[in-house]
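Let's take a walk through this model together. Keep the sequence and the 3D view side by side as you read.

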Amino acid sequence: MSLNPSPLYAAPDDWRAYSGVLSRRIFALIVDYIIVALLCIPAAVLLFFVSILTLGLGFFLYPVLFVLVAGLYFGWTLGGPYQASLGMRAMGLTMVRVDGRRMDFLTAIVHLALFWILNSVLTPLILLVGLFTDRSRLVHDLLLGTVIARTA
């Protein structure tokens, strides 16, 4: 059985699909983290009631609540049918894999984890790599074989 990549999901070859992607990514990131922060409010209320039902064991999840909410948010949106988070959709961006396969939940989670790890270990200056690579790809994009392209 051979892999037949769908042209719908394959990374475009036209340079215009990557024009202005870095600045759009920054604004999409800001919008996404505002959404994640707002989603943390009902999650914290729900976790409070779960904590009461579990006789206080749920309170141990409060320190990692933001990570859990962000992981679920990015996993469902990037791994969903639009292949983009809500912030990326607002900025006219989508994430595609270079090999033509669809993004899945696990790849989206690993993408987020690599973004956080590389930024914390190598400082946010690592984001300047996008200025010098083809298709404005960042290090975690290169490691996972993904690319961010414009849809509009």
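Start with arginine 101 and aspartate 99, whose side chains meet in a salt bridge at 2.9 Å, N to O. A salt bridge here is a side-chain nitrogen of Lys or Arg within 4 Å of a carboxyl oxygen of Asp or Glu. This is a predicted model, where local features need pLDDT of at least 70, side-chain atom pairs count only at pLDDT 80 or more, and totals for chains, interfaces and linings use all residues. Residues are numbered from 1 along each chain as its sequence is written, and side-chain values use heavy atoms, leaving out hydrogens and water.

Arginine 101 is partly exposed at 40% relative accessibility; buried means under 20% relative accessible area, exposed over 50%, and partly exposed in between (1.4 Å probe, protein chains only). Aspartate 99 is partly exposed too, at 30%. Salt bridges that share partners link Arg97, Asp99, Arg101 and Asp104 into one network. Within it, arginine 97 pairs with aspartate 104 at 4.0 Å, N to O.

Now look at arginine 25, which has a salt bridge to aspartate 141, with the closest N and O atoms 2.7 Å apart. Arginine 25 sits in helix H1 and aspartate 141 in helix H5 (residues 139–144), so the pair ties together parts 116 residues apart in sequence. Helices are DSSP runs (H or I, at least four residues), numbered from the N terminus. Arginine 25 is buried at 16% relative accessible area, and aspartate 141 is buried at 0%.

Finally, find leucine 38, also in helix H1 (residues 21–53). Leucine 38 counts as exposed, at 54% relative accessibility.

Conventions. Helix = DSSP H or I, 4+ residues; strand = E, 2+ residues; numbered from the N terminus.
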